[in-house]
Amino acid sequence: MKIEINNLTFKCIIGILDFERIKKQRVIINTSFEYEFTKNSFIDYAEVSTLIKTIMIKKNFFLLEDAILCLETLLTNKYPIKNLHIKISKPDILKDCIVTLSNH
């Protein structure tokens, strides 16, 4: 099975610029992963979404790279998943584009 969580949107402190350390900015996270489904073993996508959001808000990352590496480690240690893809976008940091970083 494959779970996709698209456009998980919230505000958090992330970035290295002075104003990014003071004011929360909007981020959009897209993630997907595969797992072996059985009737007694499934992954709760609502739990995964909440976990991602909680970590991002709590950690106040300086770099998108650090955020992705942290989420990658957390998710792969907590769940029996494979082929994890994470994409974090900062849609409001530049006036004329959306900045995105992904692990693949």
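## Two asparagines with positive phi

N60 sits in the loop between α1 (45-59) and α2 (64-78); helices here are DSSP runs of H or I with at least four residues, strands are runs of E with at least two, and both are numbered from the N terminus. The phi angle of N60 is near 50°, a positive value in a residue other than glycine. With a relative accessible area of 30%, N60 is partly exposed. On that scale, buried means under 20% relative accessible area, exposed means over 50%, and partly exposed is in between, using a 1.4 Å probe and protein chains only.

N83 also has a positive phi although it is not a glycine, with a value near 55°. This residue belongs to strand β3, and N83 is partly exposed at 46% relative accessibility.

## About the model

This is a predicted model, in which local features need pLDDT of at least 70 and side-chain atom pairs count only at pLDDT 80 or more, while totals for chains, interfaces and linings use all residues. Residues are numbered from 1 along each chain as its sequence is written, and side-chain values use heavy atoms, leaving out hydrogens and water.

## The overall fold

How many helices and strands does the chain have? There are two helices and four strands, and read from the N terminus their order is β-β-α-α-β-β. The chain's radius of gyration is 14 Å, close to the 13 Å that the globule rule gives for 104 residues, so the chain is as compact as a globular protein of that length. That radius is taken over C-alpha atoms, and the rule is 2.2 Å times the number of residues to the power 0.38. Along its principal axes, the C-alpha trace spans about 50 × 25 × 20 Å.

Of the 104 residues in the chain, 38% are buried. Among contacts with a separation of 6 or more, 57% join residues 24 or more positions apart, where a contact means heavy atoms within 4.5 Å.

## Surface and charge

The accessible surface of the chain is about 6600 Å², and carbon and sulfur atoms account for 55% of that area. Such areas come from the Shrake-Rupley method with a 1.4 Å probe, and for residues only the protein chains shown count as cover.

The chain carries 15 positive and 12 negative side chains, with the centres of the two sets 6 Å apart. Lys and Arg count as positive and Asp and Glu as negative, while His and the chain ends are not counted. Each charge is placed at NZ of Lys, CZ of Arg, CG of Asp or CD of Glu.

## Salt bridges

The whole structure holds four salt bridges, each defined as a side-chain nitrogen of Lys or Arg within 4 Å of a carboxyl oxygen of Asp or Glu. In one of them, E20 pairs with K90, and their closest N and O atoms are 2.6 Å apart. E20 lies in the loop between β1 (2-12) and β2 (25-34) and K90 in strand β3 (residues 82-94), so this pair ties together parts that are 70 residues apart in sequence.

Another salt bridge joins the side chains of D92 and R26 (3.0 Å, N to O). This pair links distant parts of the chain, with D92 in strand β3 and R26 in strand β2, 66 residues apart. D92 is partly exposed at 45% relative accessibility, and R26 is partly exposed at 31%.

E4 and K2 also meet through their side chains in a salt bridge (3.9 Å, N to O). E4 is partly exposed, with a relative accessible area of 49%.
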